[in-house]
Amino acid sequence: MIVMKNISKIYSRGDKKVEALRSANLTVNQGEIFGIVGYSGAGKSTLLRCINMLERPTTGIVKIRDMEMTSLNDTQLQQARRKIGMIFQHFNLLSSSTVFMNVAAPLRLTNTPKKEIEKKVSELLNLVGLSEQASAYPSQLSGGQKQRVGIARSLANEPEILLCDEATSALDPETTDSILELLMAINRQLNLTIVLVTHEMNVIKKICDRVAVMEKGLIIEQGHVIDLFTRPQTPTAKKFISTIIDTQLPDKILEIVKNQSIPGLLARVGFVGDVGAAPLLANLSSQFHIQPNILYGNIIEVKNTICGSLIVNFIGQHDKILKVIRHLEKYGLQAEILLDVKQSEVITEKSFVERISV
Amino acid sequence: MIVMKNISKIYSRGDKKVEALRSANLTVNQGEIFGIVGYSGAGKSTLLRCINMLERPTTGIVKIRDMEMTSLNDTQLQQARRKIGMIFQHFNLLSSSTVFMNVAAPLRLTNTPKKEIEKKVSELLNLVGLSEQASAYPSQLSGGQKQRVGIARSLANEPEILLCDEATSALDPETTDSILELLMAINRQLNLTIVLVTHEMNVIKKICDRVAVMEKGLIIEQGHVIDLFTRPQTPTAKKFISTIIDTQLPDKILEIVKNQSIPGLLARVGFVGDVGAAPLLANLSSQFHIQPNILYGNIIEVKNTICGSLIVNFIGQHDKILKVIRHLEKYGLQAEILLDVKQSEVITEKSFVERISV
Amino acid sequence: MLETLFIKNFTENGELYLESLAATLQMVVSALIIAAILGFLIGVLLVITREGHLSENAKVFQFLNVVVNAMRSMPFIILMVAIMPLTKVMAGTTIGVQGAIVPLVAFSAPFIARLTESALLEVDPGVIEAFKAMGASRRQIILSVMLKEALPGLILALTVATIGLVGATAMAGVVGAGGLGDLALRYGYQRWNPEVMFGCVFIIWGMVQGIQSIGNYLSKSLRRK
Amino acid sequence: MLETLFIKNFTENGELYLESLAATLQMVVSALIIAAILGFLIGVLLVITREGHLSENAKVFQFLNVVVNAMRSMPFIILMVAIMPLTKVMAGTTIGVQGAIVPLVAFSAPFIARLTESALLEVDPGVIEAFKAMGASRRQIILSVMLKEALPGLILALTVATIGLVGATAMAGVVGAGGLGDLALRYGYQRWNPEVMFGCVFIIWGMVQGIQSIGNYLSKSLRRK
Amino acid sequence: AGCSNSDKQPTSGNQPVQQRTQIKLGVTPSVSEEVIRKVKEVAAKDGLDIEVIVFSDYTQVNRALAEKQLDANSFQHTGFFENDKKTHNLDLVKIADTYTLPAAIYSKKIKNVSELPDGATVALAGDPANTARGLYLFEKAGWIKLREGAGVKATVRDIVDNPKKLKFKEMDQAMVLPMLGEVDAAAVNSNFALAAGLNPQKDGLVAEDANGPWVNLLAVRTAEKDDPVFQKLVKAFRSAEVKQFINDKYKGSVLASW
Ligand SMILES: Nc1ncnc2c1ncn2[C@@H]1O[C@H](COP(=O)(O)OP(=O)(O)OP(=O)(O)O)[C@@H](O)[C@H]1O
Ligand SMILES: Nc1ncnc2c1ncn2[C@@H]1O[C@H](COP(=O)(O)OP(=O)(O)OP(=O)(O)O)[C@@H](O)[C@H]1O
Ligand SMILES: [Mg+2]
Ligand SMILES: [Mg+2]
């Protein structure tokens, strides 16, 4: 659906050149919800803006279906853009128009009949929870309300592709959820393709199929969301994941473990999908006489797949525990030994923390 | 430190009156980091802006130390404001000034010597990771970079109170963390009082001492963060908490449980602090011959306190399980029975989900 | 005292004032309508043909820039003479109120163009971008975004221009068009008749005050920032 | 052909042009400096005394509004006559270049005030708020926020006003101030010396073009939106 | 700007000659306008309808007449008329002399022309109809010498001798008198002197002769000079009533030439 090849974008700032994008490559399939994450200034917005030519890439090719965006003339580009909705990081609303008129704008561009506009806009305002604000002006809205106007506007002309730049960053969780559900519904019903820049892993987790991680103008990691969540390759990806799967063992717990006198091993146990990790763990005690104490961790649902990451203190003899870990791995879990509890004193605090952090 | 009494604020929009605040009461102590959460449009920004009189409350009193802000004259208000930093939801940077000059602005207002300004600003830019952007103009920055300029600016004149309106909403987790650490450091070292509007529970969890939940212009819940996380009183609070302690059992897991033939009880087990919940659970199997299977849940650290919420499937006879639960409660855990696994078929899907959701 | 003087002045010279007021109004209104349309048009072109804007075109920009400057360089009377052949063709006459309108347009339009240009340059580029992204045509962006967003500024610009035009009509007496300004000059200034002079200035001031008030009011009630 | 005509014209009438150019420059520069300062001041006051602004004050606003309108109502020549006593006190004379400067200021300042007002009204209220929150004094907000943020607009306004002032100097001939515009009118137009007329217009156009180019350049390079 | 199709103008000029009862007549403000309004009254009794169009500047009136936008004009003296005809190549002709407005030198500083100090500043009107008059007055006062044959087109550039090193301020004719206090002496047209209550004969240091080249006139297009309508006009103008009006109103500052 969307193919971006070797996209680079160089801004000049005074006489300094800023490389916002350096040969980025991206393919988004039809009907997919594609997430882009990355640190502030990584080039996410720039990449997104290259898709609909708001920013002309310095080099590289952008194709949507088989249309080469970079080579379209003005009229063709206008036609192409009418099928692409966009939600802006800074909203970009008409300050002189009411909420209603802002949402109606894309419809008015295509001379939609007035009746239809009214119907469609009321519907959208209802969906984003702004029916009461229909006649307010943007300056009379709260931050989140403005963002919702932008969202409603981007959906008004039923686009085939939706580009979202931090579409929910100013929204509370409830509103975010309802917007995400709305996007998923449209995605399913109308086969809408969505490219979504965000820094909220909750958003990625809830709706994205695939995700790309950007850093310094490059796409450094790309793949299915589950893979990113369970096997992040780069430190950046790990950092992002850690916001919802927090596997950095807190000092508090560390202390408890250190003061423990019984021998054991501290390990991170990860699992994905319906492997029934919990029963497996629970059965260890009767099967192997090893007590698995879950000290810390999360089990979450990533787009219909359960995945978890737990810090487990296995109490018992080392050889037995190793057997247990083999056993777990046989069932598809990943286990990583972090610490020998009895020997913890010999490991310096620093290297210790390093070892147990994922 | 900050006392707000019976604050109401009525905007007029055309001939409609909008009650943005309806008799809100708030007390923030010296040196405290105080969070305000609430749905979009709840009145959070308005409340924050009433603290430094950017918005004059329609009724009510605002006191900072024993100074009544509402009755200050212009000069006094200016003096008072010099000790209050503010980070705006929409950044509000000088578009005609470089990043450096934007951050230097508060210092220049007080005629700080040039040398000192240079030192201070470089320091701040370094802290927010914008040293390289010092000579860029706001329009040349990414969203998150703009926000960081706003943060640096608000800290420039070493305020005693910092008002943050969604200060990290455009920031990636890494940058957010470093900003939050910075704020905590200043809070500890200089006894800075921080009032922080956000919709990210991660932020609340990481740095806030107390928190208020707003809805429709009212403060509907207020208290220590741990209490909010462990015993949220209102649906709004619960919704916010659920973004990081997700206790809404996914359908996937539900199915597994329903297809299980062994008798048992599904329960939510919550714990706070160093109760050693994990070993307790782990020991059940040997002590009571009850297998606790952790199906879902999170254990997180909320400002130095471990707290968790786990959905546990206790496998065994009901009477034994009830004994177990008593046992757990004795040790300070909370347990709530959600479902009789063997009888799950008689409970309708809907009421079932309702019951298991917190 | 002063009041009775005023009343005397206005009753005595009533017809004179009325006639001149009519001439002024006729000139201002006709010239304004045409000049505003032309000025907006040129102003829009001056903005969109700039570097990096909607229809970047250095040649058109330079051409318009030079023409507007050239017209603004000529003292009104010389401008009047310079375009007389055009006036003759367009208005059928070069004297009287009819003959004054074309030169007044030629005087006001470039001025309105410059003010329009200034106002349009203040429009938030982000909003223009949003409409580009929606697939709005150039015409749609100009009409529904630029002109709409700049409206409060444009109204103030038009107010300034209208008042400038009222001032310029004073010089239309050169081609025998009459009007309040001309009356003030002829009777008041040249014949040293302070009553008539101040009578005229007073009426003009009333007009100006009215125009400005309307402009301020409209601009303010449309400003939503 | 045309070129040689030009050269002949400028060498023959060289002294005349130089003298007039000097007079024009003297008038424009002196009047501009004073008018800009006054105009900025009044423009700022017209903004900050508005309802809901920095120093809301209906009386001051109304007073300035009326005065500015009154001054803009008077045809330049009448304004010149009306303020003659003031001119005498301030400039020591009412004739010549010296005597023309005060009226030119009185003509330009209200105009600059209006343009300043328009430009300042475009400043983002959010930024003003941010500085209020920092505890900036009114003076600091005006200087470091409003004037700074509106600078690109203010420069264009000043450009428009300067060119208007160049136009107005043509009328300063009324009090014997001379200048290019006056030369164009008296020698060129009234005595039908097309060469001189177009020579003058050409020089003025050169000035105007220069002023506009500088204005455009500065405004553009300062615009950071 | 010659317009060959100017016949289509909606003036009364294209009616059959005998039936013309209406003319458009151009004037400039002040005396010429005031006199013509009286003439209009008189002519009305004779069935002649005069539409008066006031031009606040001299430069357009002859041209408007030549282009048939007017039928006659009355605002200028002979010197200006002859010169304007030549420069703009206008086919116009005088049909009658009207009156003279003698200009004079006035001063608030000196009582006699010989008292004028060296380096003095003198003011005069800068427009083509009046500059030469001022300069010739200065020559008559013995202050300067003009180039031989400079005539009605004379400007300060035609001064060949300026022994007193006088500085000349050319200004709007209406401004000269109000500025009298600013300069050492000034040449002022009598319609302005009149308004200020000055009489050229009594108050002026040097005054023009009553019948120099500065006598005013009625002008029409050459082709129509024999149109009987203009005889009616001349008759009305040079009537006793008008003369009476002039004498009463201007008390000797304007001299009727009939
Ligand atoms: N100037 C105004 N005029 C009219 N209504 C306003 C104005 N400013 C805010 N409001 C309304 O007041 C209510 C509270 O706004 P506020 O900005 O305080 O919300 P918020 O809690 O900060 O929301 P968000 O999280 O979306 O920023 C909203 O419904 C908003 O529409
Ligand atoms: N117009 C511009 N001129 C110069 N540099 C620019 C411009 N726009 C963006 N940049 C730079 O390009 C880089 C990438 O910017 P971009 O907006 O794509 O970042 P982002 O990933 O969207 O960040 P954020 O999450 O903070 O919004 C940044 O370093 C920014 O400073
Ligand atoms: Mg971005
Ligand atoms: Mg808000």
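Buried, in these notes, means under 20% relative accessible area. I'm working from a predicted model, so every value here is computed from it.

**Entry 1: E:Ser74**

I began with E:Ser74, and its relative accessibility came out at 1%, so I put it down as buried. I found the residue in the loop between strand S3 (72-73) and helix H3 (78-88) of chain E. What does E:Ser74 touch, leaving out residues up to four places away in sequence? I got E:Leu25, E:Gly26, E:Val27, E:Ser32 and E:Ile36, and then E:Leu217, E:Leu218 and E:Phe237.

**Entry 2: ligand 1**

Next I went to ligand 1, which lies between chains A and B. I listed 21 residues around the ligand. The closest are A:Ser142 and A:Gly144 on one chain, with B:Lys44, B:Ser45 and B:Thr46 on the other. I sorted that shell by class and got five nonpolar, 13 polar and three charged residues.

Then I looked up polar contacts to oxygen atoms of the ligand. A polar side-chain atom of B:Arg13 is 3.0 Å from one such oxygen. For A:Gln140 I noted a polar backbone atom at 3.1 Å from a ligand oxygen, and for B:Ala42 a backbone N or O atom at 3.2 Å. Ligand 1 exposes 640 Å² when taken alone, and the protein buries 90% of that. Which elements give two or more residues to the shell? I noted helix H5 (143-156) from chain A, plus strand S1 (2-13) and helix H1 (44-51) from chain B.

**Entry 3: the magnesium ion**

B:Ser45 turned up again when I checked ligand 4, the magnesium ion. Its coordinating atoms are OG of B:Ser45 and OE1 of B:Gln89, at 1.9 to 2.3 Å. B:Ser45 sits in helix H1 of chain B, while B:Gln89 is in the loop between strand S6 (84-87) and helix H3 (99-109), so the pair ties together parts 44 residues apart in sequence. Buried or exposed, these two? I have both down as buried.

**Entry 4: C:Gly135**

I placed C:Gly135 in the loop between helix H7 (125-133) and helix H8 (138-149) of chain C. Its relative accessible area is 0%, so C:Gly135 is buried. Setting aside residues up to four places away in sequence, I see C:Gly135 touching A:Gln78, A:Arg81 and A:Arg82 of chain A, along with C:Gln140. I also took a distance to C:Arg186: 51 residues away in sequence, and 58 Å C-alpha to C-alpha.

**Entry 5: positive phi**

Most residues other than glycine have a negative phi, so I wrote down two exceptions. B:Lys216 has a positive phi near 45°. I found B:Lys216 in the loop between strand S9 (210-215) and strand S10 (218-224) of chain B, and at 60% relative accessibility it is exposed. E:Lys68 also has a positive phi, about 65°. Its place is the loop between helix H2 (61-66) and S3 of chain E. With a relative accessible area of 27%, E:Lys68 is partly exposed.

**Entry 6: chain A overall**

I have 13 helices and 14 strands for its secondary structure. Of its 358 residues, 62% are buried. I took contacts between residues at least 6 apart in sequence, and 68% of those join residues at least 24 apart. Chain A exposes about 14,200 Å², with carbon and sulfur atoms supplying 49% of that area.

Key:
Residues numbered from 1 in each chain as written. Chains lettered and ligands numbered in written order. Predicted model: local features only at pLDDT ≥ 70, side-chain atom pairs only at ≥ 80, totals over all residues. Heavy atoms only, no water. Near = heavy atom within 4 Å. Polar contact = N/O pair within 3.5 Å; in protein donor to acceptor, adjacent residues only side chain to side chain. Areas by Shrake-Rupley, 256 points an atom, 1.4 Å probe, with all protein chains shown as cover. Helix = DSSP H or I, 4+ residues; strand = E, 2+ residues; numbered from the N terminus. Nonpolar A, V, L, I, M, F, W, Y, C, P; charged D, E, K, R; others polar. Donors = N, O, S within 2.8 Å, 3.2 Å for Na, K, Ca; no water. Buried < 20%, exposed > 50% of the residue type's maximum accessible area, 1.4 Å probe, protein only. Contact = heavy atoms within 4.5 Å.
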